[in-house]
Amino acid sequence: MTEQLSFECETGNYHTFCPISCVSWLYQKIEDSFFLVIGTKTCGYFLQNALGVMIFAEPRYAMAELEESDISAQLNDYKELKRLCLQIKQDRNPSVIVWIGTCTTEIIKMDLEGMAPKLELDIGIPIVVARANGLDYAFTQGEDTVLAAMAQRCPTNKLNPLLSQENNNNSLVLFGSLPSTIVTQLNLELKQQGIDVAGWLPAQSYNELPVLNENVYVCGINPFLSRTATTLMRRRKCKLIAAPFPIGPDGTRAWIEKICSVLDILPQGLEEREMKIWETLEDYLKLIRGKSVFFMGDNLLEISLARFLIRCGMIVYEIGIPYMDKRFQSAELELLQKTCVQMNVPIPRIVEKPDNYYQIQRIKELQPDITITGMAHANPLEARGITTKWSVEFTFAQIHGFSNSREILELITRPLRRNNNLDTLGFSKLVK
Amino acid sequence: MKLAYWMYAGPAHIGTLRVASSFKNVHAVMHAPLGDDYFNVMRSMLERSRDFTPVTASIVDRHVLARGSGEKVVENITRKDKEDCPDLILLTPTCTSSILQEDLQNFVNRASTESKCDVILADVNHYRVNEIQAADRTLEQIIRFYLEKAMKNNELNLNKTTEPSVNILGMFTLGFHNTHDCNELKKLLKDLGISVNLIVPEGSSVTELKNLPQAWFNIVPYREVGLMSAIYLENEFNMPYISTTPMGILNTATFIREINQILKSLAISSKEKQLHTNPLNLNFESYIDQQTRFISQAAWFSRSIDCQNLTGKKTVVFGDATHAASITKILVREMGLKVSCAGTYCKHDADWFREQVTGYTDQILITDDHTQVGDMIARIEPAAIFGTQMERHVGKRLDIPCGVISAPVHIQNFPLGYRPFLGYEGTNQIADLVYNSFTLGMEDHLLEIFGGHDTKEVITKALSNESDLTWQTDALQELQKIPGFVRGKVKRNTEKFARQNNIKLITVEVMFAAKEAVAA
């Protein structure tokens, strides 16, 4: 641990979810979509087990399960996909079909991007192709690939010329998938500073995708959206606001301040707002001050969460992270560094592509108060007396904006509160 | 390509990993892309495993696609050998690695020269076999490997144990109630004076496998996994095996009689050597009788007036071949229920299944498509379903109770309490499960007399959610009078009838006409 940010890289032998898991939250977010995952039984088995109960609610996603004849090219991919997509059109009639390319389609070099425009004309439904595979990406990066593909489909100008007039300069579009209540909350937060959010990528429905052109400012709300950011800048000529992410009251304030400064607005009342939120968190803060955290790393939210927890008074030993885009996260990294100085704690080591085996050796040595880890390691660590919190919950819980800071601490303190309840019982180590 | 939302049996590598991680001190190295180690989550969450799952991935990424994964796989194997000192490392291919067509066997050969442990490549084809078949195959592969190794090193001890003993083949991790079943089997065998030589693979060590031939015979409790190994042991070492599943009173009795038969024939063939040292009473009939009539409550339950109320009730059974066949026979032979349809997703074992349930059910369904099963249930409208977690959800939607009798399963099917399906305690558990799945007899009767306990609005429970039909107010009122638990069914029947006859407005008359049409 030093005063400067330092980055290490290990072997990449770590546990995370496959990026195709993004269909689970994206199909719910984009209400008129249908996600078709083109892969094997392995992909299907993962989705079915990882998404548990949701599968039974007649989801708007399915597998195009590749069989031996597809792999050995005895069947025509185009004809096969056309058959399935027509069936989907007939059963569900979605406004867009998103094809999720997987490891298998990569290896057999199935030309999804080439087939999609042809099939789109043939069946009359837009087809968006996202290669969310485990060869290239981890967990939440799946959303990044889908949004990057979707950014290409956003209109350049409003169809109504009268409307396009008033939005001509400096409109703001936010990118990242959030539940609609948080979208409303963040919109309101910016409105109080006199900023109207022109649209979100993704919107609630495919037909409401926002206008993107060189007059549009874009800002991300999640740390794993670097491909989307790149696409927005390079392909759609948008202007990217590089801000810390609105996670925790400190992050939310910094996020709004950065947007204000780019749009030449003097932020009003933010400091008081942040202070108010911190006051309401005091009961939780008492539980975690001075406690230590170890992030094993699997969903790319780690830098922002660590920064927030350090500001809460915790000590972070290690930030494991699957992939670190230093440019897209630059403002967040800067805030992390500043926070460490402010709180007078050393800057934790940031370990990219971690090795879970080595990490567990370090955890055994350091004995952190909380280890934030995937479900594969949670129970075995608990049995060894190491308190854990499943990292996946941070992906699905509502953690953005001022008012949801409490939600993050609710999650973080849960195992500690559980410990307080059980600690007098005398059995915390349950392996021989 | 196949449009699929859900599958009953997982991909092949899951079966291989289940076998590998059931053995003590065996490590599996998957040749797989990032995210394919989801098995570890399942084992840690469903089975609430306290130990780290002995499975790691040798990650296939872009670099591997470009350069091949040779060094990486060998490195990962030798590294694991040093870190954990396992007895065996099993290199497990996945669907991704099987299309890369790298020479994994070559990596295994190289790695085994550099490591202390044994290294094997799991021999499964991802596109031809599923989880269950792969598990069966892998278990046989490991057993064969260690017996051949022992033969080569002259370490094989072919002398039988002095007391009669068995191997139990096919108990393993993430199996449906396997741990409980295993304990119940041990108890049953102990009652019969038979000791357990080895339980494979759950909890056993690969170094013990060379002792397998010392048992007198083998037991394969579930057809799905273990049969290949049993056949191999029979061919190579002349060991008889029993593949009858001791589930239900009658099957358990058959199972014990088969043991009896084997012991008798073994005793005759080795007369001088064994019989005088073995004080075993070779007649198990009185044990069967005692257990059936007084220890197990199931035989008495079938006679009791509670079970009378279940007579002739319509049910549907679906699951793996072992459980679906056994439960079908229990429902029909031991409880007097009617099984309108029995089915399995074990397509590879369809012939056996047909042979087992023929005569006990009106129709047989062999499919791995859950929508077909759902449609069949909706069509039959049974009083209860016995199936997998999928059928439980179909049941919820149609308001039909469901008892879960087979994998695929959810975390609630890994109970902490003792819940075997096999043996005499198993018969009690199954009787409870069946009985609790129905509306209780007396309550059922009273509901019919008093018109149900609720006066809630009718909720549509139809599989299709479109409603082009209008219910007239007095027809709705009439519907309210029908007891809650059949109301959905009456509503669906009426709507079906209306649609068939192009009726848009449902009146009381239409309701009665519909009732007459289905003669219910």
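# Working chat on a two-chain model

User: Where is P408(B) found?
Analyst: P408(B) is found in chain B, in the loop between β14 (402-404) and α19 (423-437), where strands are DSSP runs of E of at least two residues and helices runs of H or I of at least four, both numbered from the N terminus. The model is a predicted one, in which local features need pLDDT of at least 70 and side-chain atom pairs count only at pLDDT 80 or more, while totals for chains, interfaces and linings use all residues. Residues are numbered from 1 along each chain as its sequence is written, chains are lettered from A and ligands numbered from 1 in the order in which they are written, and side-chain values use heavy atoms, with hydrogens and water left out.

User: Which residue does the cis peptide bond join to P408(B)?
Analyst: That residue is A407(B), and omega of the cis peptide bond is about 5°. Another cis peptide bond joins V200(B) and P201(B), with omega about 0°, and P201(B) belongs to strand β7 (residues 195-201) of chain B.

User: What order do the strands take in the open sheet with β7?
Analyst: The order is β7-β6-β8-β9 in chain B, an open sheet of 4 strands with parallel pairing. Its edge strands are β7 and β9 (241-242) of chain B, each pairing on one side only, where pairing requires that DSSP find at least two bridges between two strands.

User: How many bridges are there between β6 and β7(B)?
Analyst: Strand β6 (residues 165-171) of chain B pairs with β7(B) over 6 bridges, in the parallel sense, and N167(B) has L198(B) as its bridge partner in β7(B).

User: Over to chain A, how many helices and strands does it have?
Analyst: Chain A has 19 helices and 14 strands. Its radius of gyration is 22 Å, close to the 22 Å that the globule rule gives for 432 residues, so chain A is as compact as a globular protein of that length; the radius is taken over C-alpha atoms, and the rule is 2.2 Å times the number of residues to the power 0.38. The C-alpha atoms fill a box of roughly 65 × 60 × 35 Å along the principal axes, and 59% of the 432 residues count as buried.

User: What about phi at D264(A)?
Analyst: D264(A) has a positive phi of about 60° although it is not a glycine, and this residue lies in the loop between α11 (248-262) and α12 (270-280) of chain A. D264(A) counts as exposed at 72% relative accessibility.

User: And where is N344(A) found?
Analyst: N344(A) is found in the loop between α15 (330-343) and β12 (349-352) of chain A. N344(A) has a positive phi of about 60° although it is not a glycine, and its relative accessible area of 68% makes it exposed.

Note on methods. Buried means under 20% relative accessible area, exposed over 50%, partly exposed in between (1.4 Å probe, protein chains only).
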